[in-house]
There are 2 protein chains.
Amino acid sequence: MTRPAEYTRNLIIKAAVALFAEKGFERSSVRDIVTKARVNQAAINYHFKGKDGLYFEVLKIAFERLTENAGVDAGELKSLSPEQALRRFVGHQLRPLLFQDELSRYIRMFAWESAHPSKVFRKFIAGNTTSYLSGAVDLVRRFLPPDTQERAALCAAICLMGQCSVFVRNRDLFAQDPFRMTIDEPFVDELADLITRVAIGGLPHAEDARLTTA
Amino acid sequence: MTRPAEYTRNLIIKAAVALFAEKGFERSSVRDIVTKARVNQAAINYHFKGKDGLYFEVLKIAFERLTENAGVDAGELKSLSPEQALRRFVGHQLRPLLFQDELSRYIRMFAWESAHPSKVFRKFIAGNTTSYLSGAVDLVRRFLPPDTQERAALCAAICLMGQCSVFVRNRDLFAQDPFRMTIDEPFVDELADLITRVAIGGLPHAEDARLTTA
DNA sequence: ACAGGGTTCAAACGATTGTTTGAATCAGGC
DNA sequence: GCCTGATTCAAACAATCGTTTGAACCCTGT
């Protein structure tokens, strides 16, 4: 069979995940990837039909791993209280701040896409109808008034994930000079608590009477 | 004097602002800018010492215009109730969703930077100690418990601005197929109310007892 | 031993990026 | 009128990007 093919495929995917997570898709060059993977230039085009094809493959893997392992897990979601589930989810989204394992890299990749979705990514979510956003929507729905419109719930979910991804993307920036945040476990716990608590406290009032627009 | 110089300078700046707002700094090429401005290739390097120099100049202008005109205005901030001030600020941040005027373009430029700060931008905020974030920090502080640490207030401000900039950046994406949001004035009002109300409802509980980390 | 297909390789391709060049053009001062 | 400095211009530069090429390589089946 094609033993060696699968081997270098994995080599490439591993290197690509690391780079895509670190810098995002656009800023990661093919030459960076093949250098890190210690394979030839043409390998990506041979095995994945180009950079886009590689990214699509990587997205597929990341999505599978995340949905099977996430705090979005349907079973776990029901066994926990809404507050616990939300806290777990936020903690999961902030995971790349603390750990550099594979799962964290996948989350970070999606954090880049939430900043500026690439063409490949759009094609990807077009195929996966059950977007990773739907999990977040279910999560916030439990805090929103029961008659909240789907659109508002979607916006709330986007806001929730956006708050996490800002920190994931700019981790290094916030650690540096004007901010000087020491990003350790106590800090991330604090941050996750902050985001979670603001959501818990605020979401129930999301559909109150219209504010004066002035 | 150098009349014609200032004229083409403004031509370039105007075109650059439009493109930087639309696509961000990195994705806007020098050739796009000079074509839109109807000036020569070399003009940018002659007048601004390169693309970076142009961007720095544009950032300076945008920052001045925003601080003098923003909902962050110190006088206006004190004359309004905390709730009104926050709602005004959020509405201001979401302005690019509705209008395409100059002010909206400046806001959108900063929204791109909040996603992935460029080198030029980092150098810029290093020089402007009173970051545009400090206004947001003051705003959220009025809802946080009085003894909240500066670090937590800063995180809350980042979260607040992040929620707005997600929609500003991805306006077109959310209008399209998987989401199909019609981004008109009622929607933006609704969204601004949502973000504001979640913040008002949640921020006071930001420093409650530690949540169980599980 | 040989042929053939899957895989690797170094090199080049064409497109795009930001920047530089050197001549051409224009203005105003002596 | 001519010189000088500022400004514009078309063209090229060097670097990087993703992709393609065609020969070399290696393993397998016959």
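Predicted model: local features only at pLDDT ≥ 70, side-chain atom pairs only at ≥ 80, totals over all residues.
## Relation between the two chains

Chain A is superposed on chain B by a rotation of 180 degrees with 0.0 Å of shift along the axis, and the RMSD of this superposition is 0.1 Å. The two copies are therefore related as by a two-fold rotation axis. Within chain A, Gly202(A) has the C-alpha nearest this axis, at a distance of 2.1 Å.

A disulfide is a covalent bond between the sulfur atoms of two cysteines.

Cys155(B) is buried, with a relative accessible area of 3%. For Cys164(B), the closest cysteine sulfur is that of Cys159(A), in this case at 7.6 Å, and this too is too far for a bond. Cys164(B) is likewise buried, its relative accessible area being 0%.

## Salt bridges

Side chains of opposite charge can pair when their charged atoms come close. Over all chains, the count comes to 22 salt bridges. Among them is the pair Lys60(A) and Glu57(A), whose closest N and O atoms are 3.8 Å apart. Both residues lie in helix α4 of chain A (residues 51-69), where they are 3 residues apart, about one turn of the helix. Lys60(A) counts as partly exposed, at 36% relative accessibility. Lys60(A) and Glu57(A) also belong, together with Arg9(A), to a network of salt bridges.

In chain B, Lys60(B) forms a salt bridge with Glu57(B), with 3.7 Å between the closest N and O atoms. Because Lys60(B) and Glu57(B) are 3 residues apart in helix α4 (residues 51-69) of chain B, about one helical turn separates them. Lys60(B) has a relative accessible area of 35% and is partly exposed. A further salt bridge joins the side chains of Arg95(A) and Asp101(A), with an N to O distance of 2.2 Å. Arg95(A) is partly exposed at a relative accessible area of 25%, and Asp101(A) is partly exposed at 26%.

## A buried arginine without a salt bridge

Arg169(B) is located in helix α10 of chain B, which comprises residues 150-169. Arg169(B) is buried yet has no salt bridge. The nearest side chain of opposite charge is that of Glu113(B), 9.9 Å away, whereas a salt bridge requires the nitrogen and the carboxyl oxygen to be within 4 Å.

The side chain of Arg169(B) does have a polar atom 3.0 Å from the backbone oxygen of Ala115(A). Leaving aside residues up to four places away in sequence, Arg169(B) touches Ser114(A), Ala115(A) and Arg169(A) in chain A. Within chain B, and with the same exclusion, Arg169(B) touches Ala111(B), Trp112(B), Ser114(B) and Ala115(B).

Technical notes
Residues numbered from 1 in each chain as written. Chains lettered and ligands numbered in written order. Heavy atoms only, no water. Buried < 20%, exposed > 50% of the residue type's maximum accessible area, 1.4 Å probe, protein only. Disulfide = S-S within 2.5 Å. Helix = DSSP H or I, 4+ residues; strand = E, 2+ residues; numbered from the N terminus. Lys, Arg positive; Asp, Glu negative; His and termini not counted. Polar contact = N/O pair within 3.5 Å; in protein donor to acceptor, adjacent residues only side chain to side chain. Contact = heavy atoms within 4.5 Å. Least-squares fit on C-alpha atoms with pLDDT ≥ 70 in both.
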